[in-house]
Amino acid sequence: MTFKVRPCRDLDEFGQAVFAIGQYFGMEPTEERMERFSKNLPIERMHAALENGTIVGGAGAFPFELTVPGAVVPTAGVTVVGTFPTHRRRGVLRAMMRAQLDDVHERGEPLALLWASEDTIYGRFGYGMASQCAEVSIPRQHSAFARPLEREGTLRIVDAEEALKLFPRVWDAVRRKTPGMLGRSRSWWEFRILFEVPGSGEGAGPKRFVVLERDGRPEGYAIYRHNTKWTEGTADSDLQVVEAIALDGRPTAEVWRFLLDVDWAVRTTASLLPVDHALWWLLASPRYMKPRVGDGLWVRLVDVGEALSARSYATDGAVVFDVIDEFCPWNAGRWRLAGGKAKRTTADAQLRLDVSALGCAYLGAFSFSGLVRGGRVEELRRGAAARADAMFAAERAPSCPEIF
Ligand SMILES: CC(C)(COP(=O)(O)OP(=O)(O)OC[C@H]1O[C@@H](n2cnc3c(N)ncnc32)[C@H](O)[C@@H]1OP(=O)(O)O)[C@@H](O)C(=O)NCCC(=O)NCCS
C-alpha cells in the first residue's frame, strides 16, 4: 500500500495529523488546543500521511536551536509521531520519516533529534541514543548536604507572569553551555513551560514557581508541584520537581536545598536530570536517591559533514570515518575529521560505523571505545577509537531537561 505524505495545509489537517499520536494519550485535538500547539510547531512542519485523502498518520519537527559542544546548531526536533491504530505496520511511519528527513535536509538543518517512546523504533532511520537522564526520589531523612551551605541568595515565589521575565535569563545562561539543551522562544515559555494544560499534573497540584536571586539578578529557578497526601494522620507528600535550573556552584546548591526542605514533603522527586548532576556531590548520602538511568535524546546526523564541522573538539587530531547510512545515502562513505572540519576523503578508513553510532557519540555522552566494545563501531586502525574519544570528549554530560 502506498501513502501520500505532505506538509499540513491548515489547522484542521494539523489537528488530524497530531491526533494520530494524540489518541494514544486520550487527547482531543480541539481548535483551541491546536492553535496553541501551532504557536510552537509551524503548521508546515507537521507532515501528514494520507490514504485516499484521509489522514492516517502524522510527524512533526520543531525548529530548534540545539547546544552541542562549543556551538549552537539549527536542529529539527522530531515530535508527535504517530500512525492510526487502523494502519499500523503498513509502512506509514517509514514513509513519514522519509519525507521528514528529506525536508530537514533541504532546509539545511544538519541534525534531527527526538525522544523515543520505544527504543527499538528509530535506529533504523539513523537515530542513536545520544544522552541519558536520571530519575531520582530523595527521602527527606537522607537529604542532608555533605558540606555546610552558605546561603547568599534570596528565594521568592513568583507568578507565571514574573517567571516569564526572569526564568529565561537563567535558562539561556545554562543552556548555552550544556549540550542537549534547547533555545526557548517566548511562546515556548508561555504555552508549554508556564502554561498549565488542564489535568496535566497527574493528580498533583498546580505548577509553583520559585526564583533564586542575588543582588536583584536571577541565578536559578524551580518549577514544582505539591503532591499532597496524608497516611494514618502523618504527612506523606511528594514534592515533584518539574524543572530546576541554576547557575553552577552555589546557586544550584541553594535551589536544591530549597526543594529538599519544603514542609510536608517526605520525598523530593525529579526526572530528566543529567547523569552527572551536582546532587551526586552535594548530598552526604547520594545512594538514597536510588537513581534510575534511562535513554534521553536520540540524535540523527542529517548532514554528516555539516554536523561534524559544527561542534568543537577537545583536542586536535584527525580521524577517518567510514559511515554507513542506508536511509540517507548522501552521508555514506568516508569522512576525514581534522582541525574541527569534516571533509570527504579517499584516505583509508579508521573507524567504520553506522550513522546512528555517530549520533550516540556526537554530544559526548558515549565514547567510541565503548561503542567498539558494544559492537556498534568497528576499529580498523588500532588507537583510532581512543583518539576519537579524546577529540569528542565533553566537559559535562549532555542533558535535555524536557520531553518535547
Ligand atoms: C510506533 C508507530 C509510529 C509505528 O508506526 P507504523 O506505521 O506502524 O510503522 P511502519 O509500518 O512504517 O514500520 C516501519 C518499521 O518500524 C518497525 N516498527 C514500527 N513500530 C515499531 C515498534 N513499536 N517497535 C519496533 N519496531 C517498530 C516496523 O517493524 C518496520 O520495520 P522494517 O522497516 O524493518 O520493516 C505506531 O505504532 C504508533 O503510532 N505508535 C503509538 C505512538 C508512538 O509510540 N509513536 C512514537 C512516538 S516517539
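Author: Glu51 counts as buried, its relative accessibility being 18%; here buried means under 20% relative accessible area, exposed over 50% and partly exposed in between, computed with a 1.4 Å probe and protein chains only. The model is a predicted one, in which local features need pLDDT of at least 70 and side-chain atom pairs count only at pLDDT 80 or more, while totals for chains, interfaces and linings use all residues. Residues are numbered from 1 along each chain as its sequence is written, and side-chain values use heavy atoms, with hydrogens and water left out.

The partner of Glu51 is Arg90: the two form a salt bridge in which the closest N and O atoms are 4.0 Å apart. A salt bridge is a side-chain nitrogen of Lys or Arg within 4 Å of a carboxyl oxygen of Asp or Glu. Because Arg90 lies in the loop between β4 and α3, and Glu51 in strand β2 (residues 46–51), this pair ties together parts that are 39 residues apart in sequence. The elements named here are DSSP runs, numbered from the N terminus: helices are H or I with at least four residues, and strands are E with at least two. Arg90 itself is partly exposed at 35% relative accessibility.

The structure holds 30 salt bridges. Another of them joins Glu135 to Arg292, with the closest N and O atoms 3.0 Å apart. It links distant parts of the chain, since Glu135 belongs to strand β7 (residues 132–139) and Arg292 to strand β15 (residues 292–295), 157 residues apart. Glu135 is partly exposed, with a relative accessible area of 37%, whereas Arg292 counts as exposed at 51%.

Glu196 and Arg225 also meet in a salt bridge, at 2.9 Å from N to O. Here the loop between α5 (186–193) and β9 (208–214) provides Glu196, strand β10 (residues 217–227) provides Arg225, and the two are 29 residues apart. Glu196 is partly exposed at 28% relative accessible area, but Arg225 is buried at 7%. Elsewhere, salt bridges that share partners join Glu152, Arg214, Glu219, Arg250 and Glu254 into one network.

The aromatic side chains come next. A pair of aromatic rings is described by the distance of the centres and the angle of the planes. Rings of Phe, Tyr and Trp (its six-membered ring) pair if their centres lie within 6.5 Å; planes under 30 degrees apart count as stacked, over 60 as edge-to-face and the rest as tilted. This rule gives a count of 20 aromatic pairs. In one of them, the ring centres of Trp171 and Trp189 are 6.1 Å apart and the planes stand at 90 degrees, so the arrangement is edge-to-face. Trp171 sits in helix α4 (residues 160–175) and Trp189 in helix α5, so this contact ties together parts 18 residues apart in sequence. Both Trp171 and Trp189 are buried.

Trp230 and Trp264 form an edge-to-face pair as well, with 5.1 Å from centre to centre and 75 degrees between the planes. The pair links distant parts of the chain, Trp230 being in strand β11 (residues 230–231) and Trp264 in the loop between α6 (250–261) and β14 (265–273), 34 residues apart. Trp230 is partly exposed at 45% relative accessibility, and Trp264 is exposed at 52%. Finally, Phe14, Phe37, Phe62, Phe64, Trp188 and Phe404 form one aromatic cluster.
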